[in-house]
Amino acid sequence: MNTISPWTATVQTDIDNSKPLITKQKSGYTFEFYSIRDSFWVVALGTKKERIAFRMAYALNSFFEINSITDSEKEINIKLQTELGKYEITFDFPESESHLFHYKTSFEAYLPLTIPFWPRDILLLTQNGNIENTVGKIHVKQVGTRSGLLFASITKPKKCTLFYFQNLTALSDYCEATKTTVNESVNGDWPEIGFQLPQALEEPLPAGKKFIISDAYVLLGDETKEDPSKLCMDYLESVAQIYKLIPRPETEYHDWLEITQKTLSHLEYNKGCWTQTNGIPYLNAYLCDYETPAESMVQLAVLTPLKEYEKWKSETYRLSEDLRSGLSTFYDEKIKSITRWLPALHNKLDQSEEQKKDTTMDSWYLHHPLINLARLAISGDKNAEKLVLDSIDFVIKAAHHFEYQWPVFYNVETFEVIKEETQPGKGGEKDVPGAYAHLMLLVYHLTKEKRYLNEAEKSAKQLSQCGFDIFYQANNTAFSANALLELYKITNKGIYLETSYMCLAGLFKNVQLWECNYGFGKFYNNFFSIFPLNDAPYTAAYEEMEVYTALRKYIIQAKDVDILPGLRILLPEFVKYAVNRIPYYYPSMLPKEMLSEEVKTGEIQPDLYAPLEDLYVGWEQSGQVGQEVYGAGAAFAVVPRQYFKVDDNLMVFTDYPVSSFTKRKNAVFLKIDGNEEMQCSLKIILKQNIKTLQVFQNDVQLLYLSKNAKMQEYKIKGKAKIRINW
């Protein structure tokens, strides 16, 4: 039996002993509206007689007086008041054939009010019993400032599912006025779950102004699933269904070509980015951190996308040669593998953190540098190829020792486990088997040796029961998704495709599907940003960049695969917002008052084109961790993926994934990925005006949105065929 609060104890009896004020039928569901004591409820009755109550308004120690209820074909409008203020609720069905409903509640106080408490808004009711006897499992709920959503399976008294999404963007005015945050506002413990309005203690809610205090979307289902992959698939499809309906901010174009040139210049000439050991230059992980020894991941995190940019640009830069020159020095003869820390400086590790010891390996860190080396090797770098092939047997030996289940930290020489689990009972780094599979597939493509494909399959099988817990670190989870999709395409085994969906579900439960318009969040766009770890309080530049490149690759790799329809919406939209949002990690894009005065590692130089490690929404300053030099590769990664060179005078940019690009005489053809219900931006960049330029979408000529001597902008649909003539 669950314990319950006084705000829940009488709800079941009160509703059972009352008559609904209004009843609405929709898609086999019945919706009943009640005003009881201090709360205004809608009760959804499902096809199996399951009942879920949603508290649309709370009277704050008062009682409601109903001013009006208007039931039109489009929506139900309810106006209420108490001695403390007035409320307005709108209730509607956004889709004609769906168990989806939406309610929005506003409140205007008659006098300034502090709000020390607000009850959660979802309760499961029974037919003949008590709320405390209900049983359900919450699969996803809000952590920190991630999306305000909750996904649960209900098993008693009736089996059903609940997907709840609170549009946190709508609460920005409330948070700005009361100096509050939406942190973990959609949460709770069974059976009292859902949204809780942030407590207003520091600043009272002002009188005489209307504030939105809830904007909820609810999707009900009459089935429950036990299979982890099926649950993750339902989750992804539900997110996509809601995503089409919620308000989404306009994107803002940033000139990545210019950002790239500034990055090249700043990295090359800013001494705070570099250290030298035995005459070889190495990038620092953080600006002006000269104490921490050089790391292999840091060099490759910049070099790998830089080589992509060099190929796109048809130029070479001294920066890439400087980075290549030191790669071999990370090979550790003791273990016969590339390692994390520069072996020549192991004695300088200060052991201030668990991983800052010469023999300690963080499991994901063994794989990450080798993944980038393998990419370089596939592109023709013979030194990178030698380093990968000289190291790969050690990685396989470690995988076999741990049976493809990786701890957090272990001794790289003895394989003794130093830290087994991320948290007690949570297991180790669960997505590392996918990163390992990704590495093995890269080496398989490099060598054509089937043993690496076999290794990839053995490791991938370890992921099939992880469900929503598969996510350890965002970029590695994204690598895993791609590896699993590739295994599906090679083997045609459906388990790999379904397991790739688990990875994507893990990613999409760690995003911010809302825009923070309060506190420091007013100064940049955080919509659709992704967190690097399950419990990270901030989003991080480098992980965001790698997730962007990986998800773009996933959608293009899946162009001929019958993937979940919702992914055709979510993946291109993530790419679009990443391209338009990541520049805000550069401190020059932010007001100085938003930057932290205290920095954990190194220092911040606001004009330097290296991103901050950490961005926070709301009232916290950003850059508390430092300015990450290894994140500077973001610009090199974006340009080759989103800009398409036609000739010396003409270039095409789009912020959606492009599955094909071809040129024929005075015409270019692009196939845009995605879903036709979504839109993206197409820009034609010119050095001189072309009067005869024409743009066609699916053979229909488009009119430009804006035009000047150097650029023409168009809005285009996802899944479009674009032709540009001149």
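Visitor: Hi! What joins E29 to E30?
Guide: A hairpin does, passing through two residues. Before we go on, please keep in mind that this model is predicted.

Visitor: Noted. How many bridges hold E29 and E30 together, and in which sense do they pair?
Guide: There are four bridges, and the pairing is antiparallel. E29 covers residues 643–647 and E30 covers residues 650–654.

Visitor: Which residue stands opposite Phe-644?
Guide: That would be Val-652, in E30.

Visitor: Let's move to the sheet with E22. What is the strand order there?
Guide: The order is E22-E23-E24, in an open sheet of three strands with antiparallel pairing.

Visitor: Which strands stand at the edges?
Guide: E22 (360–362) and E24 (417–419) do. Each has a single partner strand, so one side of each is left without a neighbour in the sheet.

Visitor: And what does the twist average?
Guide: From one strand to the next, the twist averages 35 degrees.

Visitor: How many bridges join E22 to E23?
Guide: Three bridges join them, with E23 being residues 409–411. To pick one out, Thr-360 has Asn-411 in E23 as its bridge partner.

Visitor: Which helix lies across E22 and E23?
Guide: Helix H8, residues 363–378, lies across both strands. H8 runs at about 70 degrees to E22.

Visitor: Is H8 mostly covered or mostly open?
Guide: Mostly covered, as 14 of the 16 residues in H8 are buried.

Visitor: How far apart are the end C-alpha atoms of H8?
Guide: They are 24 Å apart. At 1.5 Å a residue, the 16 residues of H8 should span 22 Å, so the two values agree.

Visitor: What comes just after H8?
Guide: Gly-380 does, and this glycine takes a positive phi of about 115 degrees.

Visitor: Now H6, please. What span should H6 have?
Guide: H6 (residues 296–313) has 18 residues, which should span 26 Å at 1.5 Å a residue. The end C-alpha atoms of H6 are 25 Å apart, which agrees.

Visitor: How many residues of H6 are buried?
Guide: 14 of its 18 residues are, so H6 counts as mostly covered.

Visitor: Which residue just after H6 takes a positive phi?
Guide: Ser-314, at about 60 degrees.

Visitor: Changing topic: how many disulfides are there?
Guide: The count comes to zero.

Visitor: Where is the nearest cysteine sulfur to Cys-503, then?
Guide: The nearest cysteine sulfur belongs to Cys-466, and it is 8.4 Å away. A disulfide needs the two sulfur atoms within 2.5 Å, and Cys-503 is in no disulfide.

Visitor: Is Cys-503 buried or exposed?
Guide: Buried, at 0% relative accessibility. Cys-680 is buried too, with a relative accessible area of 0%.

Visitor: One last topic. How many aromatic pairs does the structure hold?
Guide: It holds 48. Take Phe-33 and Phe-91: their ring centres are 5.0 Å apart and their planes stand at 85 degrees, so the pair is edge-to-face.

Visitor: Where do Phe-33 and Phe-91 sit in the chain?
Guide: Phe-33 is in strand E2 (residues 29–36) and Phe-91 is in strand E7 (residues 85–92). The pair links distant parts of the chain, 58 residues apart.

Visitor: Are those two buried or exposed?
Guide: Phe-33 is buried, and Phe-91 is buried as well.

Visitor: Which residues do ring pairs link into a cluster?
Guide: The cluster is made up of Tyr-29, Phe-31, Phe-33, Phe-54, Phe-91, Phe-93, Phe-101 and Tyr-103.

Terms used. Residues are numbered from 1 along each chain as its sequence is written. This is a predicted model: local features need pLDDT of at least 70, side-chain atom pairs count only at pLDDT 80 or more; totals for chains, interfaces and linings use all residues. Side-chain values use heavy atoms; hydrogens and water are left out. Two strands pair if DSSP finds at least two bridges between them. Axes are lines fitted to C-alpha atoms, for helices over the stretch in contact, and angles run from 0 to 180 degrees between N-to-C directions. Contact means heavy atoms within 4.5 Å. The expected span of a helix is 1.5 Å times one less than its number of residues. Buried means under 20% relative accessible area, exposed over 50%, partly exposed in between (1.4 Å probe, protein chains only). Rings of Phe, Tyr and Trp (its six-membered ring) pair if their centres lie within 6.5 Å; planes under 30 degrees apart count as stacked, over 60 as edge-to-face and the rest as tilted.
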